[in-house]
Amino acid sequence: MPGPRTPYEDSATVVRWAVFSCVLVPVVLLWYGTSLAGATGTALGLAAVTAVCRLLLRESERGAARMKDEERTGPSPSRRGRHHRTGTGAHRGGRHTGGNTPVG
């Protein structure tokens, strides 16, 4: 009995099924009488969707790995906030007026 699967193995399985579908769907369309141009267009569309989904899946895996590392070691000093700054002060953005004078 095989052990638990890693996320990489799961994503590889998803990609394999997607590639299989990109080949199978146009073949079935041709079998049922769709034109070669229609089947080719479908194959290209499925390949584009598969490529985008694969990119999104890889980004998600990277983000999950980053979060797991941060949970284990804490946030890295280079990732402190939105603009990577610490503390408070006059350089935090926003409007700075000379006191209570209205801005107009």
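**View 1. Burial and exposure over the whole chain.** Of the 104 residues in the chain, 7% are buried, a term that stands for under 20% relative accessible area, with exposed meaning over 50% and partly exposed in between (1.4 Å probe, protein chains only). The chain exposes about 9100 Å², of which carbon and sulfur atoms supply 62%; accessible areas come from the Shrake-Rupley method with a 1.4 Å probe, and for residues only the protein chains shown count as cover. The chain has two helices and zero strands, where helices (H or I, at least four residues) and strands (E, at least two) are DSSP runs numbered from the N terminus. This is a predicted model, in which local features need pLDDT of at least 70 and side-chain atom pairs count only at pLDDT 80 or more, while totals for chains, interfaces and linings use all residues. Residues are numbered from 1 along each chain as its sequence is written, and side-chain values use heavy atoms, with hydrogens and water left out.

**View 2. The nonpolar surface patch.** W17, F20, L24, V28, W31 and Y32 form a nonpolar patch on the surface that has about 790 Å² of accessible area together. Patches are made of residues with over 30% relative accessible area and no salt bridge, like charges being joined within 9 Å and nonpolar side chains (Val, Leu, Ile, Met, Phe, Trp, Tyr) within 5 Å; a salt bridge is a side-chain nitrogen of Lys or Arg within 4 Å of a carboxyl oxygen of Asp or Glu. V28 has its place in helix α1 (residues 7-31) and is partly exposed, with a relative accessible area of 38%.

View 3. A search of the whole structure finds one aromatic pair. W17 and F20 form this edge-to-face pair, at 5.7 Å centre to centre and with 85° between the planes; rings of Phe, Tyr and Trp (its six-membered ring) pair if their centres lie within 6.5 Å, and planes under 30 degrees apart count as stacked, over 60 as edge-to-face and the rest as tilted. Because W17 and F20 are three residues apart in helix α1, about one helical turn separates them. W17 is exposed, with a relative accessible area of 57%, whereas F20 is partly exposed at 44%.

**View 4. Helix α2 and T50.** Helix α2 (residues 36-73) has 38 residues and reaches 55 Å from its first C-alpha to its last, close to the 56 Å expected at 1.5 Å a residue, the expected span being 1.5 Å times one less than the number of residues. The buried residues of α2 are A39, T50 and G63, and T50 has a relative accessible area of 18%. The side chain of T50 reaches the backbone oxygen of L46 at 2.7 Å. After α2 comes G74, whose phi is positive, near 90°.

Technical notes:
A polar contact is a pair of N or O atoms within 3.5 Å; within protein, one must be able to donate a hydrogen and the other to accept it, and residues adjacent in sequence count only if both atoms are side-chain atoms.
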